[in-house]
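Please look over the sequence and the model below.

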There are 4 protein chains.
Amino acid sequence: MAPHKAPDASRRSDRSRRAIYDAALALVGENGYRRTTIEGIAARAGVGKQTIYRWWPSKAAVLMEAFLDLAARAAEQAVPEGGAVPQGGGEYGIPDTGDLAADLKSVLRATVDELNDPLMEAPTRALTAEGIVDAKLGAEFIEKLLDPQLALYVTRLRAAQEAGHLRADADPRIALELLIAPLTHRWLLRTLPLTHAYADTIVDYALGGLTPRP
Amino acid sequence: MAPHKAPDASRRSDRSRRAIYDAALALVGENGYRRTTIEGIAARAGVGKQTIYRWWPSKAAVLMEAFLDLAARAAEQAVPEGGAVPQGGGEYGIPDTGDLAADLKSVLRATVDELNDPLMEAPTRALTAEGIVDAKLGAEFIEKLLDPQLALYVTRLRAAQEAGHLRADADPRIALELLIAPLTHRWLLRTLPLTHAYADTIVDYALGGLTPRP
Amino acid sequence: MAPHKAPDASRRSDRSRRAIYDAALALVGENGYRRTTIEGIAARAGVGKQTIYRWWPSKAAVLMEAFLDLAARAAEQAVPEGGAVPQGGGEYGIPDTGDLAADLKSVLRATVDELNDPLMEAPTRALTAEGIVDAKLGAEFIEKLLDPQLALYVTRLRAAQEAGHLRADADPRIALELLIAPLTHRWLLRTLPLTHAYADTIVDYALGGLTPRP
Amino acid sequence: MAPHKAPDASRRSDRSRRAIYDAALALVGENGYRRTTIEGIAARAGVGKQTIYRWWPSKAAVLMEAFLDLAARAAEQAVPEGGAVPQGGGEYGIPDTGDLAADLKSVLRATVDELNDPLMEAPTRALTAEGIVDAKLGAEFIEKLLDPQLALYVTRLRAAQEAGHLRADADPRIALELLIAPLTHRWLLRTLPLTHAYADTIVDYALGGLTPRP
DNA sequence: TATTAAGCGAGACGGTACGTCTAGTCTTGCC
DNA sequence: GGCAAGACTAGACGTACCGTCTCGCTTAATA
């Protein structure tokens, strides 16, 4: 079952690992995912190709880890020393001011900004596209990046239910998708511009429903 | 004046074109998009490589056209000879029985089935993923495949507005995204299973809203 | 039996072939055989690596052909237009002045000079060494380069036998080895300097024998 | 003052050294010199790569020492304890029965057998070929393996001169090459089979000369 | 007897070249 | 002039070794 003996992770060079992360992210940002090559990453990182092949199975896996590392470092910087460690990668809980609509709009607007950030765009698109085609990678992407963030919505929506601000019979997981999916849709498919106004509208429509209230 | 002389489309071999479509779809279905090569398509189609490079700018473009052709042929078969030609690729208008929720559920369930069809899955995913990364290709994908379908929703939702079944101040375009995006989200990202029940729930939530009605 | 389909030799690029010969010989001369790489040859020749791998099975084979081509071109230059084409690669018959010893000394001195020519040394050594280890290549080397030259000696020695200048019962093939082998030995193994005087002595010893004449 | 500190030979592991010899000879015999790698030798010997690099400058040097060790062990076995230790590697002096031709034939026949021994063939060819290209290694090869053997011939030939069986004006060193070189030539270049009969003929031709005796 | 310093097995590292594969261009000869 | 065929330049792929460099671990000789 294990045709290749695994390398000894305890002797792994941290310097190389970080250099590879940096090079991978930089190159994807500069040239796009397709034109980024493992040889290029190795050269830019000042690293032997084998050092990449030893630790990662594919270019996509390298980029994924680089991305996760980026998120983790961003998190560390945001919550300096011993704060209440958040669960997600980049989201630190959804505020609960008592006004569900306002709270959701605030978070979704932030998400819009994040998606529109040109620095993150190339690697995020690359990774998402890769995950769409490669189921294994996609599962990892979902598990490590997306699910933790979605869990925060579930928490907030459950609190809203307890407060009577959300229908008791609504499934928070599905409700959340009603809010998130339209943003993702516009961003991924580039159908129409992704704006704060759009985020607000989505919240209004989703919470209030589309049919006329009597 | 033009740097590359354009080929004379009138002398183009139809036999080769069809053979290339077939080979492309078959190979993507069998081996996945990544492992499908232009050389492979040419060999399978019994065609010179140059015949592909002469008429298409990229592997993705070949697949896209093959896909559109497939849809067109399916349409011709469905509406044999001189019927009212539908605008979209595979959707022939959304029924209007007067019951908006039922009509939407019926259409979205069909969409679920289509997305779950293993035959279509590989090329559709490949094309979508490619469009996510390659903006030009993505635009073509949206224009030729997605937008015509979405237009049908707009038509149906406007009719609903006129009938008073949909809020008059709701933007049909955004309303439609509330319905479609969650399905796309689950399918693309493979977060959770994509079922008829899910489609129904989405319609219910979207139309009725998430907050309690007084 | 033929796992790889052979390329079509009639469409082969002559320009590339010659460029590869030149690059191979130059690089071996400059850096030695070990440090000469196929990648290096391709780069220097301005040629894709595949063009080398398409036509030759190994670096040694490339060098061998380059060497044979060099010899052939030298031959063409030496015998301009329609002269009596010589059989060997670089030797154009051994003179027959009637004085066997003088003729042999003259030819062997020329051989000494050739072996001591620094331009030819590196590739010749490389090829010979490769042939010593690789039997197939060695056979080709012998057949195409060495045997034609040795045949000239056989011819001359037979003439000497007919003239009574060589023992009638001596095998010309073995006699020839008595003359040639000591030069080769010194050159290959670098035991002692290879000079004209040595060549003369070898001829004298071989012809006259080592035991005292009564 | 010394850029690289020399390793302390007194603490060297004899077990490793022998294991390396064995592995090197075995691998060259099995796979040939080219396909034998230092990593392979280290792995087969159960030794760290550095242990090889610490004590030898090159793969060829390892093989050379392994070869010398093999010869030495063979010698020890042949002359058990305190006998007159011979200088050469495998040759223990040339017999002097008074019949020069017979003595030389006997020794050259033994050499023929040695060269035809399939066990020794691969490493000997590899080492010789390496020495042909690498002058430094070649010099070592000559000094440690070839010259001691040739010295035995010089001794025997001088004795023959004193006994009047060899021309007084003949240079023993050159005479020896007349005898040895043809055998080496056939073996190295594989031109024709190397047999006892050939060895005999060489002795006859060399001693008696090629020209008719009056 | 404890300390220390070297050789050692192991193997990760930065590199180079391998031989293969595909991209996209160019050329030849058939239709 | 489009076409099938395929040779061409270019360059990335993933692998194999190179020679260097730690890492703990024995294993002397020293303190």
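A nonpolar core is a set of buried Ala, Val, Leu, Ile, Met, Phe, Trp, Tyr and Cys residues joined through C-beta atoms within 7 Å. Buried means that 20 or more other C-beta atoms lie within 10 Å of a residue's own; with 12 or fewer the residue is exposed, in between it is partly exposed, and C-beta atoms are placed from the backbone. The model is predicted: local features need pLDDT of at least 70, side-chain atom pairs count only at pLDDT 80 or more, and totals for chains, interfaces and linings use all residues. Residues are numbered from 1 along each chain as its sequence is written, while chains are lettered from A and ligands numbered from 1 in the order in which they are written.

Start with the largest nonpolar core. It has 108 residues. A24(C) and A24(D) have the most contacts inside it. Leaving out residues up to four places away in sequence, A24(D) touches I41(D), V62(D), L63(D) and A66(D). Here, contact means that two C-beta atoms, placed from the backbone, lie within 7 Å. Another core lies apart from the largest one. That other core has 106 residues, including Y21(A) and L176(A).

Now take chain A. Its domain assignment, automatic or from a database, gives domain 1 (13-78) and domain 2 (100-208). Their centres, taken over C-alpha atoms, are 27 Å apart. Each domain brings eleven residues to the contact. On the side of domain 1 of chain A that touches domain 2 of chain A, helix 4 gives the most, with six residues. Helices are DSSP runs (H or I, at least four residues), numbered from the N terminus. This side has nine nonpolar, two polar and no charged residues. Ala, Val, Leu, Ile, Met, Phe, Trp, Tyr, Cys and Pro count as nonpolar, Asp, Glu, Lys and Arg as charged, and the others, Gly among them, as polar.

How is chain B placed on chain A? A rotation of 180° with 0.1 Å of shift along its axis superposes chain B on chain A, with RMSD 0.2 Å. That is the relation of a two-fold axis. Of the residues of chain B, G209(B) comes closest to the axis, at 1.4 Å (C-alpha).

The two chains also touch. Chain B has 40 residues in contact with 41 residues of chain A. Helix 8 (172-189) is among the elements of chain B that give two or more residues to this side. It gives the most, with ten residues. The side of chain B divides into 23 nonpolar, eleven polar and six charged residues. 100% of the interface residues of chain B are also interface residues in chain A, so the copies meet through the same surface.

Notes:
Least-squares fit on C-alpha atoms with pLDDT ≥ 70 in both.
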